[in-house]
Amino acid sequence: MSSDIYPESGSRLPPIRRDALDEQGKQQYDALAARTGGTSLAGLRGPGGLNLYSPKAAQYLNGLSNYLRYESGLSGRVREIAILVTARELDNQFEWTAHEPNALKEGVPPEVIEVIRRRKSTATLAATDATIIELGRQMFGEKKVASEVFARARNIFGDRALVELVLLMGSYSSIAALLTAFDVQLAPGQQPLLPPR
């Protein structure tokens with residue numbers, strides 16, 4: 001752990017004090033502290049705790065994240081594959097370690113997780129799983145999506161769901177940026193699940 005990490009928060013910022021927040025911030029703090037509503041996998045430790053430094057931004061971010069994750073119509077399997085490929089392509093240990101168990105709960109097969117984790121070929125995977133992975137790899141790794149991959153994704157998801165899938169991946173890339181900039185650490189005793197690049 002770097003010398004600029006606060007042990008209480010596991011990041012480069014100290015944990016925010018509840019009494020320093022306005023009413024809206026206190027409600028967000030309480031929801032994260034209790035992990036109510038099922039919207040945060042990490043509670044106050046992680047992106048939710050950091051977002052409390054800007055409660056107004058957190059309100060908008062949480063609204064978008066909740067919509068994309070739970071209300072857009074993307075299945076849990078699609079959602080978690082998209083999050084894992086984003087975490088992998090951005091090499092974000094915190095995001096990956098938080099979501100791998102969730103992916104398993106949502107029915108993502110271990111072999112799909114291994115393809116993402118080890119950056120293996122998608123040739124043996126179901127078309128939908130392979131397409132999500134290839135889309136994420138191209139967006140984040142190659143910084144360009146091939147016409148063939150785009151056409152396949154559009155055919156599978158349709159226009160609206162494809163836009164929402166890409167927005168979901170973009171949302172998790174912004175979370176990865178936050179986690180990276182503030183060097184958010186895994187909880188004490190938590191084993192990293194993502195190997196180095």
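**Close-up views of selected helices and residues**

View 1. Just after H4, Asp91 takes a positive phi of about 50°, in a predicted model in which local features need pLDDT of at least 70 and side-chain atom pairs count only at pLDDT 80 or more, while totals for chains, interfaces and linings use all residues. Residues are numbered from 1 along each chain as its sequence is written, and side-chain values use heavy atoms, with hydrogens and water left out. Asp91 lies in the loop between H4 and H5, where helices are DSSP runs of H or I with at least four residues, strands are runs of E with at least two, and both are numbered from the N terminus. Most residues other than glycine have a negative phi, whereas the phi of Asp91 is positive and Asp91 is not a glycine. With a relative accessible area of 30%, Asp91 is partly exposed (buried means under 20%, exposed over 50% and partly exposed in between, with a 1.4 Å probe and protein chains only).

**View 2. Helix H4 and its surroundings.** Helix H4 covers residues 76-89, and the distance from its first C-alpha to its last is 20 Å, close to the 20 Å expected at 1.5 Å a residue (the expected span is 1.5 Å times one less than the number of residues). Because 13 of its 14 residues are buried, H4 is largely enclosed by the rest of the structure.

**View 3. Helix H4 beside helix H7.** The axes of H4 and H7 come within 9 Å and cross at roughly 30°, so H4 is roughly parallel to H7 (angles under 35 degrees count as roughly parallel, over 145 as roughly antiparallel, 65 to 115 as roughly perpendicular and the rest as oblique). The axes are lines fitted to C-alpha atoms, for helices over the stretch in contact, and angles run from 0 to 180 degrees between N-to-C directions. On the H4 side the residues that meet H7 include Val78, Ile81 and Val85, and on the H7 side they include Ile132, Ile133 and Phe140; contact means heavy atoms within 4.5 Å.

**View 4. Helix H7 against helix H8.** Helix H7 (residues 127-142) packs on helix H8 (residues 147-181) at an angle of about 55°, with the axes 10 Å apart, which means that H7 is oblique to H8. Among the H7 residues that take part are Leu135, Met139 and Phe140, while Ile156, Leu162, Met169 and Ser173 are among those of H8.

**View 5. Ser173 in helix H8.** Ser173 lies in helix H8 and is partly exposed, with a relative accessible area of 21%. When residues up to four places away in sequence are not counted, Ser173 touches Thr86, Leu90 and Phe140. Although 84 residues separate Ser173 from Glu89 in sequence, their C-alpha atoms are 9.3 Å apart in space.

**View 6. Helix H6 and the residue after it.** In helix H6 (residues 110-117), the residues Val112, Ile113, Val115, Ile116 and Arg117 are buried, and the buried residues of H6 pack against H4, helix H5 (93-105) and H7. Just after H6, Arg119 has a positive phi of about 55°.

**View 7. Ser11 and Asp183.** Ser11 is found in the segment before helix H1 (23-34) and is buried, with a relative accessible area of 3%. Apart from its neighbours within four places in sequence, Ser11 is in contact with Asp4, Ile5, Tyr6, Leu50, Phe182, Asp183 and Val184.
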